[in-house]
Amino acid sequence: MRVYYSGKAYQYLTDNAGDLREYYQTGIEKFDTNYSIDSDVEILIIAIESLLSLGLSNWTLDIGDVNFFKGFAYSMNIDEEHFDILRKLIDKKDYIGIENFSKKYELSKEALNIFRKLARLYGKEDIFYEAKKIANNHMSLESIERLEYIYNSLEKVGYHEYITLDFGMLKSLNYYTGLIFTGYIEGLGYPILSGGRYDNLCSSFDCKLSACGFAIGLDRLLNILEYANHYYEYIIAYEGGRFIEALSEIKKSEGKALLLSDCISIEEVKKKAKLNNIKKIIYIKNDGVICVLEV
Amino acid sequence: MITIALPKGRLSSQTLNILKSTGLTSIDIDEDSRKLVFIDNIKNYKFILVKPFDVPTYVEYGIADIGVVGKDVLMEVNKKVYEILDFKIGKCYLAIAGPKGKKEIIYSKNKIRVASKFQNISFEYFKEAFNQEVEIINLNGSVELAPILGLSDLIIDIVESGRTLEENNLEVYDKLYDISARMIINRVSLKLKKKAIDEVIQTIERWLDNDSKILQQY
């Protein structure tokens, strides 16, 4: 079953950059009766295609798996409360925090080494090799194999260049059960897209389904599109009474133009173009003459 | 270009000294001038000077890729940034302090008033450590005045040499956390400007390693 939605969402806590209490979000979910790794691949490709369709240049989809960390934590018998403290430290890549934690809870030197390495296990595919070197338990090894399969599948279809790996990325371990991923765009300091696999949620509603999905923050997206100068190729502006002509121009542009809907003087249009780093202006004068200006 | 946010004050010149001795940059920052942005065109770094409490904010929003700030500030503001390196400078500690010789009397009061610049740290600490009612009073500076003038029973503040406490007839009751300057990194920058940022991290890490070895030799 495939579901998509787009609408308002709410949250009480708004501690982080980019957070709003009421925000717009659009997303997809895929539900299967049995876990299928193909669903992971499919969801990731849709995420990549979504980000590609924005036409932005520098972005990445960061992927990881919560079970890599879980495997270590289980094999070391770390209890649930400390589990979450440690998860947050690793997610923040807090090197010193991890060290203090391991001192306080008397973790072995080997454990400290593993968790510190985990915080630095990010990059491209060579990270798989590094991850395998430290994986000393079944659960962690399995998660590497799964991610490697996913990565190789994406490579076969030519999507791997958009993927980076981060074994130290750790979202809520109560919610996520496998693959997790985050989309980052240059110029926006916080994530634009977030998702993962959550196979336990449906059973809380008496329905055993395996599930994977993601959401894009639309308010965040608007923030970045406003800054993403190359998004518009030219500006369309008009003098009073020529709104209809402006509309037909914007329709012709197929999304490549920015329409300035208030009738403003050509000087102001030039200023806006400069501000947004747009090189071309189409200006419709009140006598209906269409001027094309390069700035 | 990599943007680095430095906290106005002593820490910024110390940090810049480290960056210079690692060879990462060679520019001078004149803190007495009113300039807030300094550009190293050769190495492609931009330095911005901001208030310490604002460093994590600039980094969280990605306006700065890298920031240098005390652990005390990081604990207090709790922003989503990567915290990768200990600069091992600006060493001090957070402590509970109060009037000399009155620790027992104050700790046994039914209600304790605490003045601090670090509201969140104070709240988290007392929630765990004390059973009685605690009122936290937020101040922005000269916290030592509060117990002297009767605004609070205790203070939570950073202590470096202890001289300020001494001169105001106060003493440390309990040491809470060790503090030093940390390097923080924006989450997106670490991934999208990996090469440039890795270079900064590794260069400084190498330098810090060597430096501590040299220090140990003497």
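This is a predicted model: local features need pLDDT of at least 70, side-chain atom pairs count only at pLDDT 80 or more; totals for chains, interfaces and linings use all residues.
Mentor: Two strands count as paired if DSSP finds at least two bridges between them.

Trainee: How many bridges join strand β6 of chain A to β7(A), and do they run parallel or antiparallel?

Mentor: Strand β6 (residues 179–185) of chain A is joined to β7(A) by four bridges, and the two run antiparallel. One pairing to locate in the structure is that of F181(A), whose bridge partner in β7(A) is G195(A).

Trainee: Over how many bridges do β7(A) and strand β8 of chain A pair?

Mentor: Five bridges connect β7(A) with strand β8 (residues 210–217) of chain A, again in the antiparallel sense. In β8(A), C212(A) is the residue opposite R197(A).

Trainee: Is strand β7 of chain A mostly covered or mostly uncovered?

Mentor: A residue is taken as buried when its relative accessible area is under 20%. Of the five residues of strand β7 (residues 193–197) of chain A, four are buried, and the strand is mostly covered.

Trainee: Let us turn to charged pairs. What is the general idea, and how many salt bridges are there over all chains?

Mentor: Side chains of opposite charge can pair when their charged atoms come close. Over all chains, the count is 35 salt bridges. In chain A, E99(A) and R116(A) form one, with 2.5 Å between N and O. The pair ties together parts that are 17 residues apart in sequence, because E99(A) belongs to helix α4 (residues 95–104) of chain A and R116(A) to helix α5 (residues 109–119) of chain A. Both partners are partly exposed: the relative accessible area of E99(A) is 27%, and that of R116(A) is 21%.

Trainee: Which salt bridges can I find between residues about one helical turn apart?

Mentor: Among them are one in each chain. In chain A, K133(A) and E130(A) meet at 3.9 Å, N to O. These residues are three places apart in helix α6 (residues 126–134) of chain A, which means a separation of about one helical turn. K133(A) is exposed, at 56% relative accessible area, whereas E130(A) is partly exposed, at 34%.

In chain B, the side chains of K127(B) and E124(B) form a salt bridge of 3.4 Å, N to O. Helix α5 (residues 119–129) of chain B holds both residues, again three residues apart, about one turn of the helix. Here K127(B), at 49% relative accessible area, is partly exposed, and E124(B), at 41%, is partly exposed as well.

Trainee: How should I read the interface of the two chains, and what area is buried between chain B and chain A?

Mentor: The size of an interface is often given as the accessible area lost when the parts come together. Between chain B and chain A that area is about 2100 Å², with carbon and sulfur atoms giving 53% of it. In terms of residues, 25 from chain B are in contact with 24 from chain A.

Trainee: How many salt bridges and polar contacts are found across the interface?

Mentor: The count between the chains is four salt bridges. One of them joins E205(B) to R120(A), with the closest N and O atoms 2.9 Å apart. Polar contacts number 10 residue pairs across the interface. On the side of chain B that touches chain A, β5 (82–86), α8 (187–192) and α9 (194–217) each supply at least two residues. The residues of that side comprise 13 charged, nine nonpolar and three polar. A network of salt bridges also links D94(A) with K71(B), E83(B), D86(B) and R182(B).

Trainee: Finally, is S116(B) buried or exposed, and which residues does it touch?

Mentor: S116(B), in strand β7 (residues 111–116) of chain B, is buried, with 0% relative accessibility. Leaving aside residues up to four places away in sequence, S116(B) touches S122(B), I137(B), N138(B), L139(B), V143(B) and I156(B). A polar atom of the S116(B) side chain lies 2.8 Å from the backbone oxygen of I156(B). For contrast, inspect V157(A) in helix α7 (residues 138–157) of chain A: at 53% relative accessibility, V157(A) is exposed.

How values were computed:
Residues are numbered from 1 along each chain as its sequence is written. Chains are lettered from A and ligands numbered from 1 in the order in which they are written. Side-chain values use heavy atoms; hydrogens and water are left out. Contact means heavy atoms within 4.5 Å. Buried area is the accessible area (1.4 Å probe) that two parts lose on being put together, summed over both. A polar contact is a pair of N or O atoms within 3.5 Å; within protein, one must be able to donate a hydrogen and the other to accept it, and residues adjacent in sequence count only if both atoms are side-chain atoms. Ala, Val, Leu, Ile, Met, Phe, Trp, Tyr, Cys and Pro count as nonpolar, Asp, Glu, Lys and Arg as charged, and the others, Gly among them, as polar. Buried means under 20% relative accessible area, exposed over 50%, partly exposed in between (1.4 Å probe, protein chains only).
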